[in-house]
Amino acid sequence: MEVLGHYNYWVFAFLLTIGLYAVIAKPNLVKKLLGLSIFQAAVFLLYISMAKVEGGTAPIIQGGAGEQVYSNPLPHVLILTAIVVGISTVALGLAIVVRIREEYGTIEEDEIQAQDRDR
Amino acid sequence: MTLAQQLPALAVAVPLITAPLAAAAMVFHRRHVAWLVAATASIASLAIAIALAAGVDPVHGVSYEVGSWPAPYGIELRVTSFSALLLMIISGASALALLAGKASLDAEVTMQRRPYFYAAWLLAVGGMSGIVVSGDAFNIFVFMEVSSLATYILIAGGRDPRALTAVFKYLIMGTLGATFYLIGVGLIYMMTGTLNFADMEARIVDVANLKPILAAVGFITIGLALKAGVFPLHVWLPNAYAWSPHVVTTFIAACSTKVSLYVLLRFDFLVFHGSLAGHDLQFSGFLMPLAVLAILVASGVAIAEGHVKRLLAYSSVAQIGYIVLGASLLTANGLTAAIVHFFNHALAKGGMFLAVACIALRARSLRLDDLAGIGRLMPWTTAALVVAALSLIGIPGTAGFISKWYLVVAALDEGATGIALVAVVLLSSLMAVAYVWRIVEAAYFRPPAGPDLAVRDAPAPMLAVLWAVALANIWFGLRPGLPLELSRAAAAALMRQIQ
Amino acid sequence: MIIDAISLLMLGAGGFFVFMGGVGALRLPDLYTRMHAASLTDSLGTILTLGGIMLQSGWSLATVKLATILFFLLMTAPTSAYALANAALMSQGDDAPPAPEG
Amino acid sequence: MYYAAAAAIIVTMALALIRALLGPTVYDRVLAVNMFTTKTVLLVSLIAFLSGRPDFLDLALAYALINFVGVLAVLEFVQKKRRPRRLP
Amino acid sequence: MDMLFGFVLLTLLVVTAVAVVVTPNLFAAVMLMSIFSLLMAATFFLLDAADVALTEAAIGAGMSTVLFLSALGLIGAGERKRPVRQWLPLSVVGITTFTLLYATIDQPLLGDPAAPVHQHVAPWYLEQTPLLIDMANVVTAVLAAFRGYDTFGEVLVILTAGLGVLMVLAGGARDRPEPERRIGATGLRHHLIPRVVGQLLIPFIVLFGLYLQFHGDFSPGGGFQAGAIIAVGIVLHSLLEGESAGRAIVPPRVLVGLMIGGALLFGLVGVAGMVLGGNFFDYSVLGADPVGSQQLGIHLVEVGVGITVSGTLVAAFHAFADREPA
């Protein structure tokens with residue numbers, strides 16, 4: 001268990017990497033947005049992992065339970081917030097992609113750039 | 001609570017609560033009201049900002065507990081001289097751009113879009129104000145998202161399809177930057193258990209040299225540099241500035257990147273610098289070379305650029321370099337130069353973009369070739385453009401001179417490197433003369449393209465605001481007064497960790 | 001005691017059917033046979049698993065919620081399966097398996 | 001036995017994931033997602049029961065609902081792609 | 001044992017993420033993304049974050065998939081394969097990963113009760129919430145009261161995104177007159193069984209949303225989750241009966257009104273605190289009893305959140321679904 005105590009953080013690092021790679025390297029705009037979602041989800045994992053307490057339970061206080069341990073509520077609140085930021089960004093991005101597709105007829109970055117140069 | 005005590009909250013609340021009202025113009029079929037709401041709210045914000053700037057305690061700033069919860073548990077607002085200065089820049093740019101730009105915006109933003117557009121404008125103002133008054137690291141992230149999303153909408157609000165690709169790139173890079181910032185804040189929170197700046201400052205000392213904190217410094221710096229358009233992370237900036245509606249360019253060029261720079265300076269100086277050993281290296285080994293490169297490379301690109309707005313956008317990248325350069329000297333004079341340049345650059349570049357917006361009303365396109373003889377067709381507009389440009393170059397007697405003067409003075413304290421930096425500043429000023437000259441040359445020394453063009457200046461309201469800004473460039477060059485005082489106080493506050 | 005035994009048995013059987021469904025969905029040769037395996041075992045596995053938990057939790061709010069979940073799943077799972085099969089069938093007109101996406 | 005059932009469910013989730021990766025048709029993937037959600041519902045119910053917090057069953061309920069809408073959205077998407085764009 | 005499940009789920013998560021990026025078909029990628037969200041939600045659940053798991057399921061797996069699909073309906077699902085410059089992305093990504101792995105060296109282990117995050121600030125929330133606010137769900141208390149100002153910002157983010165989607169998709173090249181636009185969007189009207197079952201379920205979905213909204217102080221739930229679930233219910237109606245029917249029950253103008261109204265409600269509760277002599281977002285001055293006032297404030301604010309979230313998500317869905325493919 002000691003060895004795997006950082007497993008969540010390793011997964012966070014890899015997910016972040018995968019998402020970042022898609023955002024930077026993929027020319028397809030929708031793929032970029034999917035990568036961005038993965039990228040953001042990785043950060044959610046970072047926060048939620050640090051909130052966990054061994055033997056704890058969700059921070060909803062049960063009456064009279066005595067010495068119950070609860071996980072840290074603050075990162076949960078922050079991530080609730082961040083999830084909403086994520087979908088807002090994605091929704092706006094999708095709307096822009098739809099308009100780009102209408103104007104340019106493609107959603108591949110290099111083809112769009114080629115057209116932009118001609119304008 | 002008296003009204004004066006409520007001012008920090010009002011600076012955020014006024015634009016944010018009027019924003020939904022501007023959008024409500026759509027629901028009630030009163031689309032033309034939206035501009036009025038936005039302009040009124042911006043002027044109110046400007047009044048609040050000036051009141052705050054006049055009343056702020058230069059040493060400790062003003063603290064405000066949102067929800068009356070004590071500091072590390074609730075969210076604290078903290079207005080310092082630095083934030084007051086930025087509040088003035090934000091609300092001032094917004095108010096002037098809206099007052100001047102109605103004609104230009106009417107031409108570029110369709111009636112159907114206007115309620116959304118002006119709501120987004122106010123959300124951008126409110127979001128940026130929220131960032132600069134906040135004393136909580138996560139709260140800054142939230143308002144960064146409000147202002148970024150609103151800015152994307154503003155940029156995409158016009159008719160130019162190229163704005164769509166520009167804004168998509170900005171959206172991707174902006175979100176990456178914000179998420180990097182969030183990772184950094186998460187790592188700091190993980191090691192200190194707090195999100196409040198003051199608390200963080202106190203607690204980070206114990207864990208200062210653990211690896212998550214070092215990684216956090218990297219992520220926060222890179223993330224904010226990305227959002228601030230610091231070279232070489234500026235690739236989203238030129239197109240986003242160039243293809244957005246012209247008045248929007250005026251507004252965002254004056255304040256949006258500066259807000260991210262503000263957060264960067266605040267984090268670096270207050271949270272990291274006092275506690276991390278070897279943090280100097282980040283400035284001398286990393287940010288200063290980047291700043292020098294930014295100044296030289298971006299000015300060079302600007303000289304070769306054929307489109308006025310892209311030219312000015314690259315000039316902005318160079319000017320961001322000046323700010324970073326001043327900060328990276330790590331002296332009170334250097335910081336004063338950097339901070340006063342926030343204000344002076346906003347005046348000069350805002351004025352120039354506003355003049356460009358006027359020209360765009362009449363000219364066929366904004367390529368330099370199409371601007372031939374515009375100085376004779378729009379004499380008043382072009383003259384104001386030239387005044388603002390002189391300030392950008394840093395001619396004595398203009399606002400731009402003040403910041404360059406402080407920068408040179410600060411650099412001369414540095415010995416041999418300082419001489420080299422002064423040389424860079426002088427060289428880049430010459431380069432600024434070169435790219436400004438290209439505009440002047442096209443405007444005054446080439447014959448107008450068509451014979452049938454009549455002399456038609458911009459509409460009177462635009463011209464009035466434009467000239468007010470141009471004269472402000474001279475006024476603040478002769479009597480730097482309030483901005484300089486605020487900058488000095490802000491620099492002293494930031495330096496307190498170092499001395 | 002008997003209830004415990006029954007509940008454990010149901011859970012075990014539920015797990016088994018769920019697993020079989022998974023194997024079926026992976027190994028069977030075409031879409032319709034896979035769908036067949038998945039949707040049938042889905043229903044049975046769900047009934048058994050949730051039923052097993054319900055027996056364990058006795059008469060409580062939890063049981064009511066579990067019953068609601070079961071009800072929802074039993075309503076929606078076959079409907080989704082139907083709609084899916086229908087769409088797949090309509091997409092090519094005859095009974096050949098749908099062509100891989102291009 | 002609870003853990004055996006939970007393990008079986010997780011293994012099945014992995015199998016469904018493999019099916020989703022392999023395809024080969026759109027419908028195979030939808031089928032896999034559908035299976036996957038059902039398994040998530042079961043898993044969450046089991047864990048909620050095991051950890052003695054029955055109020056978390058709300059979560060399972062939410063998953064069940066959302067899955068259904070997701071599948072219908074997919075169908076609508078497939079239909080929209082097939083439909084003639086405009087009237088002749 | 002829970003730990004072990006966690007490891008397996010996380011491993012599946014990585015596999016899914018790789019698959020999302022690698023697969024050339026965008027539709028398949030979106031399907032995989034919905035699996036990714038579900039896995040993420042299950043992981044959050046295992047990590048004791050029930051509220052977050054619910055939100056991720058409702059928003060990530062539910063609405064986000066629906067939005068992606070409706071956008072893909074307009075842009076097509078193919079991704080062209082071509083060689084791209086790889087050295088820059090790979091080096092950026094490599095440095096980032098290295099930094100993050102380097103950072104794990106001094107990080108506290110998962111679940112370590114002695115970690116700094118569990119020593120400062122958080123214990124205060126757990127101790128004081130029952131006294132100051134008297135609410136079982138500490139997440140709701142922190143979200144709506146202690147950090148209510150953040151949540152206000154959040155509602156504005158949603159509002160901004162909603163307005164942005166409406167503005168970006170308003171006008172533009174495809175703005176054709178009404179009757180011509182109506183042709184495509186018939187929904188699933190010809191599928192009898194889904195239609196009947198779906199119509200049967202809609203009231204339950206909305207009811208469940210309301211339960212989450214008003215039961216959020218005792219169990220996982222609150223405005224964000226409730227708003228998303230109710231939005232899912234309304235979207236289901238549009239899917240079944242077609243766009244025009246969907247727009248008939250909640251017209252676009254009403255949706256914009258809801259978006260604005262929710263945000264205004266939230267903001268005005270904050271301003272009420274100022275007017276009544278407290279600070280911005282000070283709920284304690286709303287009534288005579290401070291604890292009761294806090295609860296009143298939280299409920300009002302959560303209702304505002306729910307209204308804005310559901311209005312925005314439905315409006316965004318309509319904005320996409322109502323368009324013709326280019």
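Me: How many residue pairs are in polar contact across the interface of chain B and chain A?

Reply: First, the term: a polar contact is a pair of N or O atoms within 3.5 Å; within protein, one must be able to donate a hydrogen and the other to accept it, and residues adjacent in sequence count only if both atoms are side-chain atoms. Across this interface the rule finds 4 such residue pairs, both residues at pLDDT 80 or more. Keep in mind that this is a predicted model, where local features need pLDDT of at least 70 and side-chain atom pairs count only at pLDDT 80 or more, while totals for chains, interfaces and linings use all residues. Side-chain values use heavy atoms, with hydrogens and water left out, residues are numbered from 1 along each chain as its sequence is written, and chains are lettered from A and ligands numbered from 1 in the order in which they are written.

Me: Which helices of chain B supply the side that touches chain A?

Reply: Helices here are DSSP runs of H or I, at least four residues, and strands are runs of E, at least two, numbered from the N terminus. Helix H5 (137-155) and helix H6 (162-192) of chain B each supply at least two residues, and H6(B) gives the largest share, 19 residues.

Me: And how much area is buried between chain B and chain A?

Reply: Buried area is the accessible area (Shrake-Rupley method, 1.4 Å probe) that two parts lose on being put together, summed over both. For chain B and chain A that's about 2,800 Å², with carbon and sulfur atoms giving 83%. On the chain B side, B:Leu164, B:Phe168 and B:Tyr189 lose the most, together 21% of what that side buries.

Me: What is the count of salt bridges between chain E and chain A?

Reply: You need a side-chain nitrogen of Lys or Arg within 4 Å of a carboxyl oxygen of Asp or Glu. Chain E and chain A have 1 salt bridge: E:Asp48 pairs with A:Lys52, the closest N and O atoms being 3.3 Å apart. For chain B and chain A, the rule finds 0.

Me: Which helix of chain E gives the most to the side that touches chain A?

Reply: That's helix H3 (residues 50-75), with 14 residues. Chain E and chain A bury about 8,000 Å² between them, 76% of it on carbon and sulfur atoms.

Me: What does the secondary structure of chain C come to?

Reply: Chain C has 3 helices and 0 strands, in the pattern α-α-α along the sequence.
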